[in-house]
Amino acid sequence: MNKGKHDPIFWLFLAPAIIAFLMVIIIPFLMGIFYSLTDWTSRPQPGGLQFVGLKNFIESIQDPSFLYSFLLTFVYTFINMLLINIVAFGLALLVTAKLKFKNIYRAGFFLPNLVGGLILGYIWQFIFNIVIPNLPVLSTIYPAIAEPANLMLANRNSAVMAIVIAGSWQYSGYIMMIYIAAILSVPEELFEAAKIDGASPFKKLLHITIPMTAQAFTITLFLTLVQSFKQFDVNVSLTGGGPSTQFMGKFMRGTELLALDIYNTAFTSNSLAQSQARSVLFFVVLVVISLIQVRQNKRKEIEL
Amino acid sequence: MKKILVVLVLLTALVGTAFAGGNQEGVKDSGVRPTLELLQNKPEIDAALKTYAKAWGEANGVDVVIKTVGGSVDVTVDQMLTVGYAAGDLPDVFVFPGVDDYKKWSEVILDVSDQKWVKDTAVEFVYDGKVYGFPVAVEGWGMAYNAEILKAAGVDPASLVNLSAYKAAFEKMDSMKAELGLDSVVSMAASISMSWVTAHHNFNSLLSNGLPYGDLSVVNGLLAGKVDMDRLEQYAEWVGLLFKYADQAVLTTGDYDAQVGAFASGKAVFLHQGNWADGNIEGAGATFKRAFAPHGSMNAATDGIFVAAPAYYAINKDSKVIDFAKQFLNDLVYTDDGHNYMVKEAGMIPAYSTVKLSPTSPLSQSVQKWAADGKVYSWSQYYFSEDFRNNTLGPIYNQFAGGNINETQFVAALKGAFEGLK
Amino acid sequence: MKEIKRSSTIVTEIITAFIFLIFLFPIFIVILNAGKDPFSITSNPLSLPKDWFQVFRNMKIIWLDPNLRYGSSFFASIIVTVFSLLLIVLVSGQAAWVLVRTKTKLSQFIFFLFVAAMVIPFQIVMLPLVSWFRIVAKATGFQLLRTYSGMILSYVGFGLSLSLFMFHGFIKGIPYELEEAATIDGCAKWQIFYRIIFPLLKPITATVLVLNGIWIWNDYLLPLLILGKGNKIQTVPLAVANYAGAYVKQWDLILTAVLLAMIPVIILFLFLQRYIIKGMVSGSIK
């Protein structure tokens, strides 16, 4: 093959991908950026589309509930990434051990991925509101669990944790698969050598498994970052943004993540152009964060 | 490898037929039978409406397509219209709840002032002197009560007319909870997803309770940022009372099911919902006597409940089947089949004087009785934008319900919200 | 020494099994409650159903509900999922191959663009996509809204980035000598891909199939925008939302519908499971 030359086959093979990409992502994306600079409503507009400059952007960053959603999304993303990766790595370690039913376990841990996000939110809402207060074991050990004030979805902080739990439950099986793959690709000889040296399992984990799987972390952290930042389905159906909170002197939904804020701006607040502006800001932040994250990880990989 | 090839060929063949079929199906029928598409938001009447529309369509040579959206987290009619507008695919008839939504879609809503049914209803949607909306039904809410438990507790429903009467009744029954088999006195919901109960329905007590029907003095005052503190404080006390005597789990995390379920199973005496809950209450197997009492949001006695058309059908001005759409609506008002569908099948209270049938469910009958006596107050919440109700008011009620702010702070927060409207 | 080792394995087994049970608790709740009447679901979610066959009757109710049209929704979901997957694999597989084998600045840049698109929030393209498809239909007469073609095209577009990324990683690990040998044997270039490379991509293809399959099968928002609600073509999640969306949540029917929708994906997963890990090893982490 001709390295460094773009022969017809290059373009021919690439063409379907580029066409689909242009049609579905790039053109609508550019249109979206364009709309964010106008007073677009996606409703009949007698005056036609007006160019408004950066008005939508300025109004967005002046809106406390947008700022709140931004902050909340950062917090959520941080906790969620941490939890998913710890759980996923832990599970991967367990199911790569010599276990009798490891294939069943793997399938089981992956199973939540097969439930759609909206439905998954309903299931967990059902569990938090109805199952947990009625759980015989829990309510005898810790009766306060059934008190209304202690319901997971009744308080802002615990409701955020509820989204984290449901989100992690869904996604950690997927990330686990990547870790399994990484762990299985560590050469067996390394462990053999460590065994001869009499290294403890913990030492083996710290000095062999983690360094040797470091490159998996780049991709898992990237995937969980993007996934957490874009969280929408579970947010909508599990909490709907509630309960409320106070921020900068304003009352607002306490568990409304960015994607939901953008969605509500588009539909309840009747300002589609502003929701486009918010998603452009969202995009810029996401790009910056993922670039930093991937770069940091690549550096770490080399150090390790 | 061969197997894969065979599969591939089969799939390609399938894809061809699927695409061909898909394209034909996707485009609206251009052929013989026209299509009339109606978008509505009442899941509870969906089945009845579809059956009626099918029969009507058969008789008139139209395919009537009914699309139903609704519910707490599903898409709303407005979202469907927004997406539909982007797609260039608006329904021929669609439902809208009131003035705020009318303004969003006024460009495509047909003026129907010349229609026959206008003179046979009192609750059509009027804007600037012209009629734009066909009232779907009449609905009402007040405090729905379980007459049997009230009787056992020795409380006369006729006495429930103001704050002090409700306060006394709530206190009394709260002390008898064990004896009456109650979890709580009131079944109320105030989670963010239930903002339609607090920031829409309950909010209306502040706007129209005790005022002549159609009186907008309070509404206009608030929209101009002028707050009647005395009225607001009394209202806040009412909200506080409802929240205090509600089941806290239902109040802060419950959905519609949980709220109505508590009332239907006799675990609560009062339900803060309207006559639409009847079907669900019956569905849960309840047979007890029930009716509406007025809201007690004021010190002065108020003698009436909130009754109005909950939504209106609008005809799309650009529709290709405007005549069919007009006829469809007219036939609801002037044919026996139409009456039968509205009242018997869908269980709605008719908005038209031509309809002689009456619904059989107790709460609907109670609404009709209040309306027949002329003891009704307006629905004025739709003068405030959905944004304001959901995004500004909803969280304030939720904070109060969760105990994060007290009554004084609640009043201050509402005052601040109204002053921000200027 | 052996003794200790064996007992530690047993301990690990027990721990894993325990976690496994906790992990599957929500699924267990779904199965337990799918066959109860709504009232006993909310009042006592952990009780055993009185009648285990109720779940099959619920399935029948769902299947026969004329508004839900579960049968035709299921068919539509199958069509959309199968053809989207097929196209995603072919389109991104061949694109990834030429991008790996052509080492130029341009090809690197194109690859970077595809991967970078993963961070575009869906909300930004959501409504413009609908407007754009309408413009296309007006200009060319080719209907993309409310049709299978538009739905499938959208999935190919949205599924490309991750799939191309995974194929790219995998193909990098395939020795180039294989292709050189084929060229010497007189294989045309396009044949090299379909005859030699593509069969080698099995593990990563399985991974791509499963990951995209899960997402497409369960997706709600995109079909809502492209297909609309209540139109001729509707997918299973759109149909199920009819139960979950109403004010009244018919839990028995929702949970049964969840079960029904999960089954095909579970089957696909079990079929492909052994490939997936292999694919992950070579694909995603390089």
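This is a predicted model: local features need pLDDT of at least 70, side-chain atom pairs count only at pLDDT 80 or more; totals for chains, interfaces and linings use all residues.
Buried residues account for 53% of the 422 residues in chain B. In chain B the mean pLDDT is 89, and 91% of the residues reach 70 or more, although over residues 1-6 of that chain the pLDDT is below 50.

**Overall form of chain B**

- The secondary structure of chain B consists of 18 helices and 13 strands, and its C-alpha atoms fill a box of roughly 75 × 65 × 45 Å when this is taken along the principal axes.
- The radius of gyration of chain B is 24 Å, which agrees with the value near 22 Å that a compact globule of 422 residues would have.

**Backbone features in chains A and C**

- Most residues other than glycine have a negative phi, and most peptide bonds are trans.
- The peptide bond that joins A:G242 and A:P243 is cis, with an omega of about -5°, and A:P243 belongs to the loop between α11 (233-238) and β1 (244-247) of chain A.
- A:M248, which is not a glycine, has a positive phi near 50°, and this residue is placed in the loop between β1 and β2 (250-253) of chain A.
- A:M248 counts as exposed because it has 10 C-beta neighbours inside 10 Å, and 12 or fewer is the cut-off for that class.
- C:R146, likewise not a glycine, has a positive phi of about 65°, and its place is in the loop between α6 (122-140) and α7 (148-172) of chain C.
- C:R146 is buried, because 23 other C-beta atoms lie within 10 Å, where 20 or more are needed.

- A:A88 is part of helix α3, which covers residues 64-96 of chain A, and it counts as buried because it has 24 C-beta neighbours inside 10 Å.
- When residues up to four places away in sequence are left out, A:A88 touches A:S172, A:I175, A:M176 and A:Y179.
- Between A:A88 and A:F101, which are 13 residues apart along the chain, the C-alpha atoms are separated by 18 Å.

**Strand pairing around β5 of chain B**

- In chain B, strand β4 (residues 125-127) and strand β5 (residues 130-135) pair in the antiparallel sense over 3 bridges, and B:V126 has B:V131 in β5(B) as its bridge partner.
- The hairpin of β4(B) and β5(B) has 2 residues between the strands, and within this hairpin B:D128 takes a positive phi near 55°.
- β5(B) also pairs with strand β12 (residues 312-315) of chain B, in the antiparallel sense and over 2 bridges, and here B:P135 stands opposite B:Y312 in β12(B).

How values were computed
Residues are numbered from 1 along each chain as its sequence is written. Chains are lettered from A and ligands numbered from 1 in the order in which they are written. Helices (H or I, at least four residues) and strands (E, at least two) are DSSP runs, numbered from the N terminus. The radius of gyration is taken over C-alpha atoms; the globule rule is 2.2 Å times the number of residues to the power 0.38. pLDDT is the predictor's confidence in each residue, from 0 to 100. Two residues are in contact if their C-beta atoms, placed from the backbone, lie within 7 Å. Two strands pair if DSSP finds at least two bridges between them.
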